[in-house]
Amino acid sequence: MATASSIPLKVPVVIAGGGPVGLSLAALLAHHGVACLVLEADASYCEGSRAICIARRSQEILGWVGADRPLVDKGLSWVGGRSYFQGTEVLHFKMPSEPSERFAPMLNIQQYYIEQYAHAAAARIGGVDVRWSARVTTVRAQADGVDVDFETADGVTHSVHTDWLVACDGGRSTVREQLGLQLEGMQYEGRYVIVDIEQDTRRAVERLAWFDPPSNPGSTILMHRQPDNVWRIDYQVADHENPVEAVKPENVLPRVQAHLDMIGETAPWKPLWISIYNAKCLTLPSYRHGRVLFAGDAGHLVPIFGVRGLNSGLDDAGNLAWKLALVQQGHAREALLDSYSMERVLATRENIAYGAKSTEFMAPPHHGFALMREAALRLATVAPGVRPLINPRQSAPIEYAGSPLNQPERDGAFTGGAHAGLPAPEASLQTLQGPGHLTALFGTCFVALYFSNEPDVPATLQQLAGSGRAGVAALRLLRVAARGAANADTVVDALGQAWQRCDAAEGTLYLIRPDGYVMGRWRDAAASPAPITAALACVFSGERT
């Protein structure tokens, strides 16, 4: 138990909420050299599976702090799924995937493992103080930061002053309430019961969905395998059913048993966790309010369909960490944090748009939607062209269109590839350490990818990387060659994937942000490095001299 003397009076960053987003953000900030205090109301990691599907982008983000290895070792990867209507398969989808890619498109793992691995990464890096059973009670904004009161398990209230407060305290955010802010949007009435059961199975790891199955007529059922012989089962309850009664074991277990019987899963099983959920499409219009920032469910709530909840929260953390580090360390002005809000609110609105479409199919909000869904499902049994309507639209990285950080490019200079505002593509490479991946080069600092088969990098570009900055403010210059040998400053794209996916030619340069997003790209960069210097200046405009 923390004592009053051991609790600091001032810290650079306080994170309210020690769930997967808060702990991941803490590890990322520590990775960038910023100390923080995490205040979590619960006594330990969460119970129940909760968010379970971790997208490739989220695996990359967790990889920046070394949490990817335990995640991949423990989790169950998958690339597609199947949907059934009244027992007939109507969709078999696969997400884009290559055997040479660093991560699978999706990985199933219980949320408490993600929290555990992020916490371990933070502890390994150092500079993160996590306080369990510490409930934030009062937030008082000041000109130079925020005063935060929190109550510990012994009933004592403590106060801490912080330069920055990041609210990661979930859908019922105390920080949001303290600031008098309201989420905007809508929520759906349809409810889903969520059940974890333990049962041995040999079934493939896929996303499985049944519409109006014989086991539970009129319902929709989702199933995902998880580690530790755990099934995650979500099923829709009728509008007239009482939500309190719906989660009672005597009402849940017979439905689960009927479905297991229908699909031929006959091994003994036992329930582990039961909860209930309804879809919400809500967001704050801004994720920055002075020295208070919002991430994850504290700032937005999106439907579970398409698994955009936790994945969007981890993307919040990946976007915010490097920007907050630059501001806190004096390399950038506070205005840089406005780009965090702009980019991530845009992403939320796109996630909500996709999530709403999926929700209206998975849990029709009224009779008209139900009729449309049944028509599509019945047609899908005989008309394959209709089947894409059933696709769950799994989570994917969002383009930051219109971001103030995006650098313009000359008309016609590029005809394809990843432009500014998109995440850098994946590619297999040869590095000094052996086989590697393009995305593994990001997450620590800015990276300039110079595509050239000439062994000597022009001096004009070498000067860009020799500005003396350190940490997240540094610029690493890497030559991407199509042939030859790798060294400390050169990676080899023997398969041509990076060159092709970046629409690269001799002399092309890509400037990649610390979060792996393309900031700008230029042809013949060595002859005219001024736009690259200007691009960096728009970030480092507040750097101390």
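**Close-up views of salt bridges and a β-hairpin**

R69 counts as partly exposed, at 48% relative accessibility (buried means under 20% relative accessible area, exposed over 50%, partly exposed in between; 1.4 Å probe, protein chains only). The model is predicted: local features need pLDDT of at least 70 and side-chain atom pairs count only at pLDDT 80 or more, while totals for chains, interfaces and linings use all residues. Residues are numbered from 1 along each chain as its sequence is written, and side-chain values use heavy atoms, with hydrogens and water left out.

**View 1. Salt bridge between D73 and R69 in helix α3.** The closest N and O atoms are 3.4 Å apart (a salt bridge is a side-chain nitrogen of Lys or Arg within 4 Å of a carboxyl oxygen of Asp or Glu). Both residues lie in helix α3 (residues 68–74), 4 residues apart, about one turn of the helix; helices (H or I, at least four residues) and strands (E, at least two) are DSSP runs, numbered from the N terminus. D73 is exposed, with a relative accessible area of 56%.

**View 2. Salt bridge between R513 and E343.** The N to O distance is 2.8 Å. R513 lies in the loop between β25 (508–512) and β26 (518–522) and E343 in helix α9 (residues 336–362), so the pair ties together parts 170 residues apart in sequence. Both R513 and E343 are buried.

**View 3. Hairpin of β20 and β21.** Strands β20 (residues 428–431) and β21 (residues 434–437) pair in the antiparallel sense over 4 bridges; pairing requires at least two bridges found by DSSP. The hairpin joins them through 2 residues, and S428 stands opposite H437 in β21.
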